[in-house]
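Have the structure open as you read.

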Amino acid sequence: MAERVAGVAPSGFAGDRLRNLYEGRWQDGGERSAMVSPVDQTTIGQLSKVDEPTALKAVSAAHQQHREWADVPLADRKARVHAAVDAMSDVRDDLALLLAWEIGKPWKLACADVDRALDGVRWYLDNIDEMLATDAHGRPFDRTPLPGPVSNIASWNYPMSVLVHAELVQLLAGNAVVAKTPTQGGAVCLTVAHALMNDAGLPVTLLSGDGSKLSGALVRSMEIGALAFVGGRDNGGKVATQLVDTGKRHMLEQEGLNCWGIWEFSDWTSLGAHLRKGFEYAKQRCTAYPRFVVQRDLVDAFLATYLPVVSSVRFGHPLAVDDAAGAELPQLDFGPMISAAKAADLRRRVDEALHHGAVPLYRGSLDEGRFLPGQDTSAYVAPTTLLAPPGASRLMHEEPFGPVDTIVVVDTKAELLAQMNASNGALVASIACDDEELATELAEHVQAFKVGVNKPRSRGDREEPFGGRGGSWKGAFVGGVHLVHAVTQGPADELLYGNFPDYNRYPV
């Protein structure tokens, strides 16, 4: 794999060491840090972590690139972005294979991550002209780039369909971009993608380093025009605090406890199909549903549907194949957690909940997984389901970000809503109810940006907006025209959609 990667993007690598991209060229230097695959704990390369002075230098250069890029005609910007998308399409399988090794995505999901990124950008290429011609109130207005480049700090779980996708749209809108590689995984895939973007003449900067050391440059620098952040609430809260006195445009996507409420419901067959799909990528995604709030009278029927699903979930080494030549990659629901440390932490949280009184309804075993003989499995967690996690446990209020479900039993609609709103805001939620009118009424009181009725909700693609309520989101919403508006300047009286200190505005 190393030889294939070096052949695709030779400038991004110095042996097994990743370079950093700034000032328009790949550069050596920085502190070595081993990249370990969660799949089998093998070392797959070395990051080169830069320090804050280097990051400040890179941001200053990106600001100069931004000033020049902002004057490039839209037709030329579109041509260069199109060339980058085409180049990535040519090596799509390599990018997907890197995601499988770096962050443990099963092959099908890894391919979907790459395809969603590229297909999504193609949609923006077709629609960017009209998006740049209106303000957030639908009035005609010629939008302009931000005063500085967009800084992107994203989590490791969707390097292509979230991070690279957002960067390419930001570039289309006339902004230079700065991105930090996630320290937990995805850096090699991002290096290849950014090498192809750079080759296409796009003003991109890619840096590796610890967020705590680079925040002064990537968050607070006055040369940065906006910050796009995707991650957990702890880190998001720290970032928000740093932004308080800057007045900087920002989009902070943070986690929330996404819940599925079940009330006066009987279509268990359709729910079972949704439950199975919900285990994709070990629920390591911002729109996963780890909490089920169930009406007491329906608990037996719910478990009759749920338990066969959770016991049939397929997990293991995402690239393990039989010795036979031409053997296909395994069809798995999920592979490892992002790291052995994360897996160990999740096991501790399960033990903590059990210690305080949670009831174990299902505990899978790694013996049920598909692994190679003698393989290190320390980053894997088998599916687990707990009933009634107590308030003293973290799993009652926090998203596990792993294959652990919790079930809470309620007796009234008021209890249902209170439990669904346990995390002070979420990105998505769903109501399962035979009476769609009642379901819609209940959905109005759920503090989630998107609420499905008898179906799950997701981040969405193309024109679909995305955001959060409560503590799950701060700043401008994204998705479709909202993403373009978030990274461009409109009229002085424009009120973007989003959660801001002095107002909240939600799409209809």
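Q: Which charged residue sits over the ring of Tyr497?
A: This is a predicted model, where local features need pLDDT of at least 70, side-chain atom pairs count only at pLDDT 80 or more, and totals for chains, interfaces and linings use all residues. Residues are numbered from 1 along each chain as its sequence is written, and side-chain values use heavy atoms, leaving out hydrogens and water. A charge sits over a ring if NZ of Lys or CZ of Arg is within 6 Å of the ring centre and within 35 degrees of the ring normal. Here the charged end lies 3.9 Å from the ring centre, and it belongs to Arg505.

Q: How many aromatic pairs are there?
A: Rings of Phe, Tyr and Trp (its six-membered ring) pair if their centres lie within 6.5 Å; planes under 30 degrees apart are stacked, over 60 edge-to-face and the rest tilted. By this rule, the count of aromatic pairs is 17.

Q: What is the angle between the planes of Phe315 and Phe334?
A: These two rings form a stacked pair, 5.4 Å centre to centre. The angle between their planes is 10 degrees.

Q: Why is the pair of Phe449 and Phe477 edge-to-face?
A: The ring centres are 4.8 Å apart. The pair is edge-to-face because its planes lie at 65 degrees.
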